[in-house]
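Please read it with the coordinates open.

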Amino acid sequence: MQTNTRILAHEFEYLDPNTLDEALDLLDRYQDKNTKILAGGTDLLVKMKTANLKPDYLINIKNIQELNFITYKEDEGLKIGAVASLSRVERCEEIKTKYPALYEATKSMAAIAVKNMGTVAGNLCNGSPAADTAPPLIVYGAKVKLISNRGERVVPVEEFFIGVGKTLISSDELLTQVDIPELDKNTGSSFLKIGRVKADISKINLAVCLKRGDNVCEDCKIVVGSVAEKPIRVKGAENILIKQPFTSNLLGEATEKAAEEIRPITDVRSTVEYRYEITKVMAKEAIKLAWERSGGKI
């Protein structure tokens with residue numbers, strides 16, 4: 001029988017807290033039930049309509065104003081609240097100029113209507129290996145704040161993903177904000193994505209952030225998404241670049257190594273063979289672009 005994707009066919013209790021404390025109390029009360037958080041709903045509601053996801057309780061956090069913020073300070077870096085929309089992230093001038101990989105990732109995502117609803121926090125909590133905000137956040141060394149009535153903890157985004165659709169967040173916890181540190185001078189970053197059509201889910205996405213010292217790559221992080229069970233750093237490729245004079249030959253070695261480190265599968269969006277080959281192309285272009293943005297030349 002064909003699924004009607006316009007309705008939610010099962011019953012659930014809808015809860016609408018106005019404060020963070022109220023939301024945490026609800027999560028604590030219903031942590032042993034099938035409870036889901038609604039922020040933008042662009043992933044959750046689709047799953048509820050088409051993927052047999054049937055929560056007993058739905059906690060809407062969209063009206064919690066203390067979670068709706070984007071702030072930047074030079075000594076503190078960037079902070080993005082859990083319900084700040086992707087469209088707000090895309091319009092933020094500090095993100096565009098200081099964190100261009102995150103800006104490019106957000107710009108590449110979905111249609112305008114979806115970006116007006118979706119959030120960075122939701123994109124992470126969905127746990128998808130193809131999450132477009134994950135690679136830039138990981139290369140920037142971003143962390144997420146997880147809060148419950150038991151207390152709070154801060155987790156690097158790199159450690160937050162643990163498998164397909166799985167994250168470290170506990171059933172009584174709420175991801176309240178994403179923190180990105182201030183970047184050093186002479187740092188450059190970039191993000192690239194390939195999808196079947198514009199704004200589609202990624203066949204592959206890739207982010208780079210590197211720090212330049214004269215003509216030497218002092219530090220580098222490269223993260224590839226949609227090529228394993230979670231977004232992964234290709235550390236072998238990073239190590240080829242670090243502490244070495246930046247040359248075309250070195251760039252070629254790093255891109256070959258990046259393709260060796262991924263673990264892609266064939267699925268409805270792409271094939272193993274394509275993902276291996278396009279990783280080389282994308283890594284080369286993204287590393288080169290990040291190097292140029294750091295002020296470097298080849």
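1. A nonpolar core is here a set of buried Ala, Val, Leu, Ile, Met, Phe, Trp, Tyr and Cys residues joined through side-chain atoms within 4.5 Å, where buried means under 20% relative accessible area, exposed over 50% and partly exposed in between, with a 1.4 Å probe and protein chains only. The largest such core has 55 residues, and those with the most contacts inside it are Ile95, Leu102, Leu124 and Val178. Helix α1 (residues 20-29) gives the most to this core, namely five residues; helices (H or I, at least four residues) and strands (E, at least two) are DSSP runs, numbered from the N terminus. A second, separate core comprises 29 residues, among them Val224, Leu241, Phe246 and Ile262.

2. Two conventions should be kept in mind. This is a predicted model, in which local features need pLDDT of at least 70 and side-chain atom pairs count only at pLDDT 80 or more, whereas totals for chains, interfaces and linings use all residues. Residues are numbered from 1 along each chain as its sequence is written, and side-chain values use heavy atoms, with hydrogens and water left out.

3. Leucine 124 can be described through its contacts, a contact being heavy atoms within 4.5 Å. Leaving aside neighbours within four places in sequence, leucine 124 is in contact with Thr133, Ala134, Leu137, Val144, Val157, Phe160, Phe161, Thr167 and Val178.

4. Leucine 44 is found in helix α2 (residues 44-50) and is buried, with a relative accessible area of 11%. Not counting residues up to four places away in sequence, leucine 44 touches Lys36, Ile37, Leu38, Leu53 and Leu58. Leucine 44 and glycine 122 are 78 residues apart in sequence, yet their C-alpha atoms are 8.8 Å apart in space.

5. Helix α12 (residues 272-293) has 22 residues and spans 31 Å from its first C-alpha to its last, close to the 32 Å expected at 1.5 Å a residue, the expected span being 1.5 Å times one less than the number of residues. Its buried residues include Arg275, Ile278, Met282, Ile287 and Trp291, and the buried residues of α12 pack against β11 (187-195), β12 (202-213), β13 (216-225), α10 (235-241) and α11 (248-261). Just after α12, glycine 295 takes a positive phi of about 100 degrees.

6. The structure holds five aromatic pairs; rings of Phe, Tyr and Trp (its six-membered ring) pair if their centres lie within 6.5 Å, and planes under 30 degrees apart count as stacked, over 60 as edge-to-face and the rest as tilted. The rings of tyrosine 72 and tyrosine 99 have centres 6.3 Å apart and planes at 75 degrees, so this pair is edge-to-face. Tyrosine 72 lies in strand β4 (residues 70-73) and tyrosine 99 in the loop between α4 (93-98) and α5 (100-107), so the pair ties together parts that are 27 residues apart in sequence. Tyrosine 72 counts as buried at 18% relative accessibility, as does tyrosine 99 at 1%.

7. Phenylalanine 246 and tryptophan 291 have ring centres 4.2 Å apart and planes at 10 degrees, so the pair is stacked. This pair links distant parts of the chain, with phenylalanine 246 in the loop between β15 (244-245) and α11 and tryptophan 291 in helix α12, 45 residues apart. Phenylalanine 246 is buried at 2% relative accessibility, and tryptophan 291 is buried at 0%.
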